[in-house]
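Trainee: I would like to learn how to read salt bridges, cores and surface patches. Can we go through them one at a time?

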Amino acid sequence: MLFHTATLILALTAGAWVPQEPQDPMPGVPVPEGAVQDEGEYIVLNFSETDEGITLRQFIKICQENTAKNFTIDTSNANLTAELDRKKLQLYGPKRIRKEDFYSFFQTMMKIHNYVCVTQGSGDLEVVVITPMNASTNQLVRANTLFVEMDQVKEFADSPGIHITTVVPLVYANAQSLGTNLRSGLSGGGSGAGQDSFMPLQNENAILIQGYGPFVAWAVRLLEILDVEPDRPQPEFAKIQLHEASAEEVAQLLQDLLEDVSGGSSTSRRPSSPRNTNEAGRALNEIETSIVPWPRDNSLIITASKENMERIKDLLAQLDSVLEVPETNFRVYLLKNISAEELSEDLQEFLNRTQQAEEQRARSAGTTGSQSSLGEQRVVLVSQEETNSLLITATRTKWAELERLLDQLDQRQPQVLIETALIEVSEDFTRDIGLEFANVQPPSGDAQTGFGFTSVGISTLIDTDNDNLPDTRVPPTNTSGLTAGILDGADFGLPFLIAAAQESSDANILSIPSILVSNNRVARVESKDEIPTTQLQTTQGVGTTETFAGYEEAGITLEITPSISGRTYLRLGISLEISAFRGTFSGGTIPPPRATRKLTTTVYLPDGATMWIGGVIRDDLLYDETGIPWLSDIPVLGWVFGRTTKNNIKTTLFFFCTPRIMDDFEELADLTKAGKARAADIIGLDRVRQVDPEFDLENPLDVILEGGEEGPEGGMLDLSTFAAPTFVSQGGFVPAEDVGATSAELMEDPAGSPFVSPETEPNGRNLPEAGNGE
């Protein structure tokens, strides 16, 4: 393979060159007498016998006579013969040379004078061409390059005038890297005038060398010195059994540590084409460290250098130790005040964004590799609804941070008792007066007669005798008020019909819902009427069937979101929706019109204060007239010729809301007891005791009298709760520190009040709301 590659390269580099005809390089020029002496196996050159030495043409003649080789001169250079005659060869002192080495000595001397010998042909056809060694003769030299096997190159070490080529295969070194370095560092300034070169053959991992004999022989020897097996350390193998730790976990930990130490990889394999020889040397000297867990007996199989093996063993001795309480990344956090399911979603989103921010900061700082991958383990959160707990996977450091965060989040929020009252007053007045008449007398024979009738929606005209003429009226049967008229049996059935009706309805709706809600949570109260509706479906061959079509709803929907701010103030987000049907359902197919009113607002209130929203929110006046033009406009008598409908609807809504902050459960218990007392007044004490068997109404004196050892009769009347009203409002500017203050705090000298004992602080409210049966 290497021979064919080298042959191909020689064929490509060779150009078309015309062979030279042999000629006598020195016709008629005698060799100086005594310059050459034959001593058997040796030839003695003694140019010092001549005064000016000998010419190069004479030296060529001497070589021809002693080597029997045929020489010719490159005829492409017309001045070459003159140059050979002009240049002198001087050699101080006699030179004794073996005859078999004389041709090599001849090449050396000619190359000194910048001439080379190019051999053409072989055997009896061999001719040596003398040509200058310059860029113009490169084509001639390359065209006659000899390919020499690597083991025969040393035979041309003393042939500086013969251009040869050889291929040196490499075993250990990289051809591309080594060839590039040699070509740039050694062949650039050589004396071969561009004839000496290195060419790496990457696929064969070999180097092709071109040049004159001494250079090629030197290059081959140099490559033999460089292409040697490196002195790499031998890896060590060990199987270490673990008694306490898990082999899989320890293997992963050690692998991550080795990656951090080695800058991103625990193994350093030999690259296929290193950038330089230093990199290749480092790759050869590095040993791949491998740690494989063997679960069968909980052991580790380790391959490493001697130095790394000692480090790994020392580390394993510390890791494989007995732990009284094994460390774990699994945690359980029991929540006491907030919902685990709701918190887990928000907390997981917070942790994900934090992780993304940390990764972004690491990328900006240029951090790469698996640096402390176990310490950067993601936190996993799962909510457990039955126990209201969070199942957490986190490292010790992350858990410490997360535990502090959960302790701050899992705080009991204050509760707010919201007492509301909704009052809706409606007035609906309707008056309807109308009159209809008709005069229809069918003629007999061909006679003609006139007719006339009016219709304002009181009745319906129908044809009972099928003569295409209305002959009677049908008054509605479900109308209210007065419907009267005249019956005519001969002609028109109801020639005269009058209807008069008046309706008036008043409604007073009171709704008093109360609800307890946590701070910043939504309280929702719904009170709705659901009326079923139907739909008619016609099927061919079956007829019309009536099916259920769902419910239509109308009622009250109240949503309040309290948020407690500083100094016992509350911000209330209120959304109120009231809907009601305007009419009755008829058959359930088409529901009557429904009126819906919505109110949305946000208010700020002090604790215990009452806000209200009210006023006339609807006042409709509808006036409808139907009748005969002009006649219905006659004063006083105009109603005879038409129908007049007047409808007046007025609705007034009042909404009251009182929020109370429940700071402790004792206050909540008092309010609960008061609510049970009110329920006992309405439904009876026995039925309340079905809910709370231990409930009993208190004597009012038990609430007012305190400190009596002999019962209420021996007690003292405590008037401390009458010291101040529930809420004290100041006019004008109120200092910031007094916003939301209690009444006792706003009083200048509460201790000096005659109604307040020094040991008792006013609680800002009147009598407790305990039920007393009133």
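Mentor: Start with a pair: arginine 57 and aspartate 85 form a salt bridge, with 2.7 Å between the closest N and O atoms. The term means a side-chain nitrogen of Lys or Arg within 4 Å of a carboxyl oxygen of Asp or Glu. This is a predicted model: local features need pLDDT of at least 70, side-chain atom pairs count only at pLDDT 80 or more, and totals for chains, interfaces and linings use all residues. Residues are numbered from 1 along each chain as its sequence is written, and side-chain values use heavy atoms, leaving out hydrogens and water.

Trainee: Which parts does the pair of arginine 57 and aspartate 85 tie together?

Mentor: Arginine 57 lies in helix 2 and aspartate 85 in helix 3, so the pair ties together parts 28 residues apart in sequence. Helices (H or I, at least four residues) and strands (E, at least two) are DSSP runs, numbered from the N terminus.

Trainee: Is arginine 57 buried or exposed?

Mentor: Buried means under 20% relative accessible area, exposed over 50%, partly exposed in between (1.4 Å probe, protein chains only). Arginine 57 is buried, at 7%. Aspartate 85 is partly exposed, at 32%.

Trainee: How many salt bridges are found in the whole structure?

Mentor: The search finds 18. The general idea is simple: side chains of opposite charge can pair when their charged atoms come close. Aspartate 38 and lysine 99 meet this way, at 3.0 Å from N to O. Aspartate 38 lies in strand 1 and lysine 99 in the loop between strand 6 and helix 4, so parts 61 residues apart in sequence are tied together. Aspartate 38 is exposed, with a relative accessible area of 55%. There is also a network of salt bridges, linking Arg524, Glu526 and Glu559.

Trainee: Which residues have the most contacts inside the largest nonpolar core?

Mentor: A nonpolar core is a set of buried Ala, Val, Leu, Ile, Met, Phe, Trp, Tyr and Cys residues joined through side-chain atoms within 4.5 Å. The largest one here has 27 residues, and Leu45, Phe47, Phe59, Phe102 and Phe106 have the most contacts inside it. Elements giving two or more residues to this core include helix 2 (56–67) and helix 3 (80–86). Helix 4 gives the largest share, six residues.

Trainee: Where is lysine 676, which pairs with aspartate 692?

Mentor: Lysine 676 lies in helix 13 (residues 665–683). Its salt bridge with aspartate 692 spans 2.7 Å, N to O. Lysine 676 is partly exposed, at 24% relative accessible area.
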